[in-house]
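Okay, hi everyone, thanks for coming. I'd like to walk you through the inside of one protein today. Have a look at it first, and then we'll start.

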Amino acid sequence: GFVGPHLARALAATGAPVVGLGVESEPPRDLPLAGWHVADLGEAPAVTEAVAKVRPAAIVHLAGQSSAGRSFADSAGTFRANAAGTANLLAAVAAGAPAARVLVIGSGEAYGPQPAGTRVGEDAPFAPVSPYAASKAEADRIAVVAGEQGLDVVRVRAFSHTGPGQSPVFVVPGWAQQIAAIEAGRAEPVLRVGNLEVTRDLTDVRDVVAAYLALLERGTRGAAYNVCRGEGVTLADVVRRMTVLSRVPVRVETDPARLRPADVPWLVGDPTRIARDTGWHAAIPLDRTLADVLEEWRGR
């Protein structure tokens, strides 16, 4: 996935032995892993076996179907991966590593649309508008039950994040890929976009990973935490910033194929709780993030 490799490197830098689990037969290359286990979280016996073998001190649960857009085409598969997968993992932890701290990584999209100008806090009710967001809301509720049954679970509501290594299925790397192709003369000078009239709380993946490390060490057992910058930016402004970084002129056009069946006009999080409990806050400027993503795609 996207965040996993960043997290593995950050954890290894602290001296922690890091073991990965995924559906791929081999781990991503050049990762400092102490081990790799192949398991689909939808298959409970395989997950139970892997957790029992490793007996980890901590787990960061990043696996799942991460695209809201794709979830409309495969809602059942999205729930299997995100909700049932979380239930299977937590059952495996209860059986094989009951003392482990588990970060269950959810999504700020579970909150659904919020009033313009506001920052949503962790006590707000969920109101998801996509199968992806609904599956993450359900995974959060499953994590609450696991905590009530004795596990050391910390729930995370991660808002939009981007950075090097993200799939071009997502907007920022998708735009960077297009701009890099235009600069290289491999595409006409048109940047095709979806709905730009939405406001998001956008954080660098490297800041997000720092938040996860802080929550592993200092998060409150049973609590939920927004991981976000706490500031809104329109996708129109993100496109403007990226076209400024382009080495050649580009024209922006709306592509109907890139529009979601349902969207959230405004979603900005309140990071007060994580700042209070851990001292974490987003530090990497958005312009640096966008430049790094664009430079990555130029290299590709």
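So, what volume does the largest cavity have? About 30 Å³. Keep in mind that this is a predicted model. Searching the whole structure for cavities of 30 Å³ or more turns up 1.

Who sits around that space? The lining is made of V104, G106, K136, A139, D140, R155 and V156. Strands β4 and β5, along with helix α5, each give two or more residues to it, and α5 gives the most, with 3. Sorted by type, the lining has 3 nonpolar residues, 1 polar and 3 charged.

In soluble globular proteins, nonpolar side chains tend to be buried together. Here, the largest nonpolar core has 28 residues, and L103, Y212 and V227 have the most contacts inside it. At least two residues each come from α1, β4, β5, α7 and β10, and α7 has the largest share, with 9. Take L103 itself: leaving out neighbours within four places in sequence, L103 touches I59, V60, H61, V154, Y212, L215 and L216. Apart from this core there's another one, of 20 residues, including I179, A180, L202 and W297.

Is T78 buried or exposed? Its relative accessibility is 1%, so T78 counts as buried, the cut-off being under 20%. Again leaving aside neighbours within four places in sequence, T78 has contacts with Q65, S71, A83, P131, Y132 and S135.

Definitions and conventions: Residues are numbered from 1 along each chain as its sequence is written. This is a predicted model: local features need pLDDT of at least 70, side-chain atom pairs count only at pLDDT 80 or more; totals for chains, interfaces and linings use all residues. Side-chain values use heavy atoms; hydrogens and water are left out. A nonpolar core is a set of buried Ala, Val, Leu, Ile, Met, Phe, Trp, Tyr and Cys residues joined through side-chain atoms within 4.5 Å. Buried means under 20% relative accessible area, exposed over 50%, partly exposed in between (1.4 Å probe, protein chains only). Helices (H or I, at least four residues) and strands (E, at least two) are DSSP runs, numbered from the N terminus. Contact means heavy atoms within 4.5 Å. On a 1 Å grid over the protein atoms alone, a cavity is a set of points where a 1.4 Å probe fits but cannot get out, and a pocket is an open set with protein on both sides within 12 Å along at least five of seven lines; lining residues have an atom within 4 Å of a point. Grid points are joined across faces, edges and corners, and a volume is the space filled by probe spheres set on the points. Ala, Val, Leu, Ile, Met, Phe, Trp, Tyr, Cys and Pro count as nonpolar, Asp, Glu, Lys and Arg as charged, and the others, Gly among them, as polar.
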